[in-house]
Amino acid sequence: MKKIMLLFLVAVMLVGCSLAAQPNAQPSVPPEDPPAPSETPDVQATVDAGISATMQAENEVQATIHAAVSATVTAEEAAAAEEQLSEEEMADAIDAAVEEAMAASAQVATTTTAATSDGEISQDEYDELEQLLVDAAVLLDYAEYWVETYYWYYGDLADETLALLEEVEDILYYTEDYMDEIIMLLEAGNEIADATLDALDEIAANTEEALTQLADRSEAWQAELENWQQVRAENALNWQPDNIPQDRLAAIEEARNYLETVRGSLDDRVISASELQNISQIGANAVAGLQAYGGAGLQGLAGNIDQITQMAALGQFGQAANGLGSLEAAIPGRP
């Protein structure tokens with residue numbers, strides 16, 4: 001997974017920074033019997049010990065970063081599951097997360113350009129960049145989480161808009177790749193060759209270009225989604241009945257059929273495009289039957305059915321589920 005690679009590279013860079021900051025550090029306990037000059041030191045043991053210490057430090061840093069990402073995503077995932085965000089609310093969550101990821105990535109690009117402008121990268125600049133890269137890693141992951149969550153709940157209903165959303169997702173991944181490249185180039189610490197400085201400048205420029213495209217694609221998707229939601233709702237309410245009930249009892253039964261159809265579709269908290277078509281058709285039949293045979297007491301339920309159908313079409317699944325309770329209470333019981 002790209003994100004795991006990014007976090008691993010950040011961990012390596014953090015360890016490298018820690019080691020570079022102490023070039024003359026002495027062992028905490030000097031050896032009791034230092035080898036005579038003629039003796040051959042145990043190079044392999046020294047290398048093994050260094051690798052072991054480095055891996056332990058890397059694992060600790062990586063665990064800290066993963067904990068930060070997991071805590072953020074798990075909390076939001078739980079909130080989404082409990083509240084059943086509507087399609088509009090989830091689109092807003094994507095928009096906000098993308099904005100934050102863009103801001104963090106732009107800060108990396110700006111700071112990289114500034115750090116390389118004098119031909120070298122100081123320790124302070126290096127430290128600042130590593131923290132900014134960690135922040136960008138978390139926020140890019142967060143934005144991708146919301147895109148994937150949207151696919152799960154509303155992807156089938158919004159198929160006509162997914163090409164733009166996939167472009168948004170692709171650019172998020174491109175931006176991650178640029179963050180990866182910056183991390184790898186910075187692994188040399190502040191002893192960076194001119195060619196590396198030039199490469200960092202180029203990556204920073206590429207990042208800024210990608211973020212411009214990301215802003216454009218994200219805005220275009222939001223606009224297209226809003227338009228498609230309205231079209232979808234209008235289409236759902238414009239279905240013509242194909243099996244009109246022929247008396248009051250049949251009209252009541254069709255209303256119950258509609259109720260159970262919507263409830264069944266919401267069992268997995270997701271309504272697919274085919275399920276919405278079925279809801280729209282049965283809803284049209286139920287509305288026609290109630291208007292023809294419901295009388296003064298039941299004709300008003302036609303409006304309830306249309307409202308629930310519209311909620312389903314707009315991706316307001318939680319509201320639609322709540323509307324079913326009122327509808328069920330108003331439908332007369334079976335004799």
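**Exercise 1.** How many helices and how many strands are there in the protein chain?

*Solution.* The model is predicted. Counting along the protein chain gives eleven helices and zero strands. Read from the N terminus on, the order of elements is therefore α-α-α-α-α-α-α-α-α-α-α.

**Exercise 2.** Which residues touch the most other members of the largest nonpolar core, and which element gives the most to this core?

*Solution.* Step one: the largest nonpolar core has 80 residues, and Trp146, Tyr150 and Tyr258 touch the most other members. Step two: among the elements that give two or more residues to this core are α3 (87–116), α4 (123–154) and α11 (317–330). Step three: with 15 residues, α4 gives the most.

**Exercise 3.** Which residues does Tyr150 touch, not counting residues up to four places away in sequence?

*Solution.* Leaving out those places, Tyr150 touches Glu87, Met90, Ile94, Gly155, Ala158, Leu162, Leu165, Trp221 and Leu225.

**Exercise 4.** Classify the aromatic pair of Tyr153 and Tyr154, then that of Tyr154 and Phe317, as stacked, tilted or edge-to-face.

*Solution.* Step one: planes under 30 degrees apart count as stacked, over 60 as edge-to-face and the rest as tilted. Step two: Tyr153 and Tyr154 lie 6.1 Å centre to centre with 40° between the planes, a tilted pair. Step three: Tyr154 and Phe317 have ring centres 5.0 Å apart and planes at 40°, so this pair is tilted. Step four: Tyr154 is in helix α4 and Phe317 in helix α11, so their pair ties together parts that are 163 residues apart in sequence. Both Tyr154 and Phe317 are buried.

**Exercise 5.** Which residues form one aromatic cluster?

*Solution.* The cluster is formed by Tyr150, Tyr153, Tyr154, Trp221 and Phe317.

Conventions
Residues numbered from 1 in each chain as written. Predicted model: local features only at pLDDT ≥ 70, side-chain atom pairs only at ≥ 80, totals over all residues. Heavy atoms only, no water. Core = buried A, V, L, I, M, F, W, Y, C linked by side-chain atoms within 4.5 Å. Buried < 20%, exposed > 50% of the residue type's maximum accessible area, 1.4 Å probe, protein only. Helix = DSSP H or I, 4+ residues; strand = E, 2+ residues; numbered from the N terminus. Contact = heavy atoms within 4.5 Å. Phe/Tyr/Trp six-rings, centres within 6.5 Å; stacked < 30°, edge-to-face > 60°.
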